[in-house]
Structure formats: structure tokens, C-alpha cells
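Please find below a colleague's note on the model that follows.

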Amino acid sequence: MQLSTKHLLGIKDLQLRDIELILSTATQFKEVLQRPIKKVPSLRDTTIVNLFYENSTRTRISFELAEKRLSADTLNFSASGSSVSKGETLLDTVNNILSMKVDMVVMRHSATGAPHFLAKHIPVAIVNAGDGINEHPTQALLDAFSIKEKLGQLEGKKIVLIGDIMHSRVALSNIYLLKKAGAEVMVAGPPTLIPKYISKAFDIRVEYNLQKALQWCDVANVLRIQLERQNQVLFSSLREYNLAYGVSKKLLDSLNKEIVILHPGPINRGVEIDSDVADSKQSIILQQVENGVAVRMAVLYLVSNKQSFN
């Protein structure tokens, strides 16, 4: 079995069988990660460059660890401190790196469509680690993997994405994936942070009342406020946001059921989620981080199109 696409640029481009293949492969790699020796030779002699034009903690470390677990050779590139600051273009930077015989590029960029642009101009496989406000495919895959691990399946489950939908690439990738997998999807948050077109464009529900959204769902994926991507004031203050849309223990206790809490990180405690929720037994936030390594191992392995795995 192999993916229907050479690159992983976004969930939008994947077929359901691709998603299922990645998740089933991730299950195998998660078993590998439980062993005393957590390393397999699957990508030995494969060189991967991590090309990060934006700050990252979890995603970058997760990809680096996944590459090392697969025995790949890795190069880490950061835009700050590189020739980018001297005016070098993206294409020139990448072509210079490729001349050193790199096999794959993992890329994060603040410009929407940057990995898609590169895919048209360079011969190696590209994995999108987040582009602008477009997509973050591996985050959606690890979210789906974590939900499936907790609840057994995605099909028919009710999942709400809460918060800054307008500026969230995590939200868009999750919507694409969950719809393909047969889940029911809702977005919730202030009207200023939810695009007007989203309900019709994606055939999903919109809810501005947080309690109603939580009462409806099986899973709540809580997103942070992306202040760095907002160029205007979209709500009065973080305190006001927390009072209206912060997920608190008191709010969860008022529901007549227990729901699963996810968060892609980084967490702004006391803003979109309170500490006693983030650290509660309903939260699978740390499981998401753990599953991220297995999912990214699966993505790198499948995109590399190597057939041996042991």
C-alpha cells in the first residue's frame, strides 16, 4: 500500500484511504515506540531537511524525533540566522540545500501555499508542517489518531472546534479530515473569529454559545487565540474572551455527560482553557503530543515510498 500523492501538502489533497493508511501505519509505529529500542532502519540513508521559517516547539521536535526513530539523517534549518535575513529567496535557499543531495523537505512557512509553490519547482517530496492560515496536516492526523484511540472510531462522532477558527490552519485541516472520515463537525467561538462562509462551504454547524456546543459534542478540540496573525481587534480583551469562551471545569461539570478535551498547543492557560481542564482526566493533550511522533513517523515513511519496515 502507498499514498495516492507524492507529497503531504494538506488533508484536502488526500483520499480517505490515504488517511486510513497513515493512521494504521502510525499504530504500527506506536508499537515500535513502546519497545526498549525505539529505532527502526526504515529511512536509513535518507536525508531530510527540516525547513522552518516560523517558530515551533512541538511540531519541530516531533518531526526531528520521528526522523531519528526512523534512522534518517536530518538537517535543521531556521530562517533566523540564515541567508534568508540577507534577502535570499525561498527557492534559492531550497535549491542550495538540495544540491547537497537531500531526499525530503519538511517545511513550515508563514506564507499560505509556500509548500505547494515549492512542490512545483523541486523534485523531492515535501511534507507541510504548517503554511500560513491554510493547513497543518500532521496535526489533524495526530488529532484524529488520538480521538480514534480514545473513542474507537471517528465516523458518527460529534466533534467541535472551539476558538479562533478564522486564523487556524489546525481547524481547516481538522475540518477536511473529520468530514472525509464521516464525523459530525461544529465550530464554536465569537462571531468575529468564525468566517461567515464556513457553514455553507464545508457543510458544518456553527454555534456561538459555548455551553450549547459542549453539550452537543463528544470531543472538544480547543484552539488558541492566534494574536500574531490578527491585524485588527476582534474581541475586547483576553479576560472577556475567557469569561465567554474559556473552557472551565465549572462549565464541564454543568454538562450531563463527560467529553474528551484536545488542544493542539501551545496552551494559553486561563484564556481558551483553564489549567484544571487541561490537566484533567478528560484531557488527552499529552497523548496528542506522544501520538504526534508515531503519526509523523508514518507520514515520513509513506511519503518516502520505502517498502521495508521492521
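1. An open sheet is formed by 4 strands in the order E2-E1-E3-E4, with parallel pairing; strands are DSSP runs of E with at least two residues, helices runs of H or I with at least four, numbered from the N terminus. Two strands pair if DSSP finds at least two bridges between them. E2 and strand E4 (125-131) stand at the edges with a single partner strand each, so one side of each has no neighbour in the sheet.

2. The model is predicted: local features require pLDDT of at least 70 and side-chain atom pairs pLDDT 80 or more, while totals for chains, interfaces and linings use all residues. Residues are numbered from 1 along each chain as its sequence is written, and side-chain values use heavy atoms, without hydrogens and water.

3. E1 and E2 run parallel and are joined by 6 bridges. Thr74 in E2 is the bridge partner of Ile48.

4. The structure holds 4 aromatic pairs (rings of Phe, Tyr and Trp, the last by its six-membered ring, with centres within 6.5 Å; planes under 30 degrees apart are stacked, over 60 edge-to-face, the rest tilted). One of them, Tyr53 with Phe77, is tilted, at 5.5 Å centre to centre and 45° between the planes. Tyr53 lies in the loop between strand E1 (47-52) and helix H2 (58-69) and Phe77 in strand E2 (residues 73-78), so the pair ties together parts 24 residues apart in sequence. Tyr53 is buried (under 20% relative accessible area; exposed is over 50%, partly exposed in between; 1.4 Å probe, protein chains only), at 17%, and Phe77 is buried at 13%.
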